[in-house]
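Please look at the sequence and the model together, and keep both in view while reading about the pockets.

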Amino acid sequence: VSPQDLPDGSVIGTASLRRQAQLLAINPTFKCVNFRGNVQTRLKKLQERIVDATLLAKAGLNRMGMTEHITEVLEWDVMLPAVAQGAIGIQCREGDDKITRFLDALNCANTKVAVDCERAFLAALDGNCRTPIAGQAKLQEDGKLYFEGLIAKVDGTTVYRTSRVGSPDDAVKLG
């Protein structure tokens, strides 16, 4: 079920202010409740009707073999993810050429371009984990970088969205 299809007054479990703001922008009658715990705990609360809906990471459900619980995959136009969602970052000492060579082999250039764009957006807004900011950049087959960003009030009454398309070489500038 997509958020647009939930009835007025639905109780939705989420610990994310970013998701809360986007949900309340869809329907201000929703009640978002702080929802923590592992996937099994969250699904149990859903089955016990403590909440009417929750949002879970598809990647996590895939990894755990629990895809039967997926009722809707939310696309960009419905719910933007957190900046750098799903990317793994590794730091090392500056000037450590040996470790840098090892890490270079792990780097995905397309992911790095996307994350650089998204993090530039977050930095420009001076965002943190308590700010409802979302952003996603993707390199497409046409060779262009597509970015969509959002900042909102926690209560969903104000949502600003922006989008840019450009060269991957301009990733930070696009962000």
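Predicted model: local features only at pLDDT ≥ 70, side-chain atom pairs only at ≥ 80, totals over all residues.

Residues are numbered from 1 along each chain as its sequence is written, and side-chain values use heavy atoms, with hydrogens and water left out.

A pocket here is an open set of points, on a 1 Å grid over the protein atoms alone, where a 1.4 Å probe fits and protein lies on both sides within 12 Å along at least five of seven lines; its lining residues have an atom within 4 Å of a point. The largest pocket has a volume of about 1,100 Å³, a volume being the space filled by probe spheres set on the points, which are joined across faces, edges and corners. Its lining consists of 37 residues, and L56, A57, K58, E72 and L74 lie nearest the centre.

Helices (DSSP runs of H or I, at least four residues) and strands (runs of E, at least two) are numbered from the N terminus. At least two lining residues of the largest pocket come from each of α1 (17-26), α2 (39-47), β3 (53-54), α3 (58-63) and β4 (133-139), and α3 gives the most, with five residues.

The second largest pocket has a volume of about 670 Å³, and among its 18 lining residues I88, G89, I90, N107 and K112 lie nearest the centre. Here α4 (97-106) and α5 (109-124) each supply at least two residues of the lining, with α5 giving the most, five residues.
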